[in-house]
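Subject: Structure handover and findings

Hello,

Here is the structure we talked about. Please open it alongside this note, which then goes through what was found.

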Amino acid sequence: MPFEAVPLSGSLGAEVRGVDVASLDDAGFAEAHAALLEYGVVAFRGQELDPDAYLAFAKRWGGIHLHPHLKGLDDRPEIIEIVREADDPTGFADHWHTDQSFTKTPAMATLLYAKEVPAAGGDTLFANLYASYDALSDGMKATAAKLRTHNLYNKHAPRSEKMQMRVTEKDKPAEPAYHPLVRVHPETGRPALYLSDSRSTRRFEGMTEEESLPLLDWLMGHATRPEFTCRLRWEAGTLAIWDNRRLMHMAVNDYFGQRRVMQRITVKGGPTVGILDAEAPRQAA
Ligand code: SIN
């Protein structure tokens, strides 16, 4: 089933109308997959999915990644409901990050289904990490290629009351995960910066936080330059899927007094491969 993906910005993102994801045949699914690789985030408008249909669509992308520290719905542990009540001043995911970069094998993709959205606000921003890598100087690329990041989940970060209630085993410290700062996308072979803001990416391996933060702050500012981003305005029924291997995202917390309810499913990913590790076998061959 051919469909038209309309770009959301010059850098990344696309939206698709008139397609029912639950009835995509294999050719249609292959097209959705190609669109994900091309645009990084694809928003399918106007979906009407019950939890079974939503889960079935998510499983076409791969196995389901269960969040190590957040509890899903009682009857559907694969689905995490992200609820921000109208009177809750704190948000959830309202900072730049890639999903589950604090785990050794972070989620490959995330599906987010809008159930209830504010009249205005509550958009999600995305940043293209291929583009921000490509725009680095050769000197910075060479330095970045050698660095690995230390990532840790913060169970006590400020987050909306409902989301804080979903955090499991609050007293048990989270385990850190290390990733290359420049990772190679396993499907496209393209290098991308790979980081989250300092809530997850705390420092570089072998360095202190004080030593690491100036470069991490510079990289975050660089990676989120407007020309590397797009903005997704949600409608109830929008189902977006994004590729965590090549972008960061953040929810904009600008809708105090209104409710927002989203359902999230994440798809399993593999280990992260750094650019030097990816080049080594090529040179040896
Ligand atoms: C997330 O990062 O998982 C959620 C983003 C959003 O709610 O827009």
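Start with a strand pair. T149 has H179 in β9 as its bridge partner. Strand β8 (residues 148-151) and β9 are antiparallel and share four bridges. Strands here are DSSP runs of E, at least two residues long, and helices are runs of H or I, at least four residues long, both numbered from the N terminus. Two strands count as paired if DSSP finds at least two bridges between them.

Before going on, the ground rules. This is a predicted model, numbered from 1 along each chain as its sequence is written. Local features need pLDDT of at least 70, side-chain atom pairs count only at pLDDT 80 or more, totals for chains, interfaces and linings use all residues, and side-chain values use heavy atoms, with hydrogens and water left out.

**Sheets**

β8 and β9 belong to an open sheet of three strands, in the order β9-β8-β12, with antiparallel pairing. Its edge strands are β9 (177-180) and β12 (201-204), and each pairs on one side only. The twist from one strand to the next averages 35°. Angles like this run from 0 to 180 degrees between N-to-C directions, with axes as lines fitted to C-alpha atoms.

Another open sheet has three strands in the order β13-β7-β15, again with antiparallel pairing. β13 (229-232) and β15 are the edge strands, each pairing on one side only. Neighbouring strands in this sheet are turned by 20° against each other on average, direction ignored. Strand β7 (residues 124-128) and β15 run antiparallel and are joined by five bridges. L125 has M250 in β15 as its bridge partner.

**Around β3**

Which residues of strand β3 point which way? V41 and A43 point one way, V42 and F44 the other, and all are buried. The strand covers residues 41-44. Buried means under 20% relative accessible area, exposed means over 50%, and partly exposed is in between (1.4 Å probe, protein chains only). In a regular strand the side chains alternate between the two faces of the sheet.

β3 pairs in the parallel sense with strand β2 (residues 14-16), over three bridges. There, E15 has A43 in β3 as its bridge partner. β2, helix α1 (residues 26-39) and β3 make a right-handed β-α-β unit. Right-handed means that, with the strands pointing away from the viewer, the path from the first strand over the helix to the second runs clockwise.

β3 also pairs with strand β14 (residues 239-243), in the antiparallel sense and over four bridges. V41 stands opposite W242 in β14.

**Cavities**

How many cavities of 30 Å³ or more does the structure hold? There are four. A cavity is a set of points on a 1 Å grid over the protein atoms alone, where a 1.4 Å probe fits but cannot get out; lining residues have an atom within 4 Å of a point. Volume is the space filled by probe spheres set on the points, which are joined across faces, edges and corners.

The largest cavity has about 250 Å³ of space. It is lined by 21 residues, and H95, H97, F102, Y153 and R159 are the closest to its centre. The lining divides into eight nonpolar, nine polar and four charged residues. Nonpolar means Ala, Val, Leu, Ile, Met, Phe, Trp, Tyr, Cys and Pro; charged means Asp, Glu, Lys and Arg; the others, Gly among them, are polar.

The second largest cavity has about 100 Å³ of space. Of its 13 lining residues, I82, A93, L112, W242 and A251 are the closest to the centre. β15 (247-251) and β16 (260-267) each supply at least two residues of this lining. By class, the lining has eight nonpolar, two polar and three charged residues.

**Loop residues to look at**

Most residues other than glycine have a negative phi. A93 has a positive phi, near 60°. A93 lies in the loop between β5 (80-84) and β6 (109-116). A93 counts as buried because its relative accessibility is 16%.

Q100 also has a positive phi, near 60°. Its place is in the loop between β5 and β6. At 2% relative accessible area, Q100 is buried.

P77 is in the loop between β4 (64-65) and β5. With a relative accessible area of 46%, P77 is partly exposed.

Best wishes

Technical notes:
1 Å grid on protein atoms, 1.4 Å probe; cavity = no way out; pocket = protein on both sides within 12 Å on 5 of 7 lines; lining within 4 Å.
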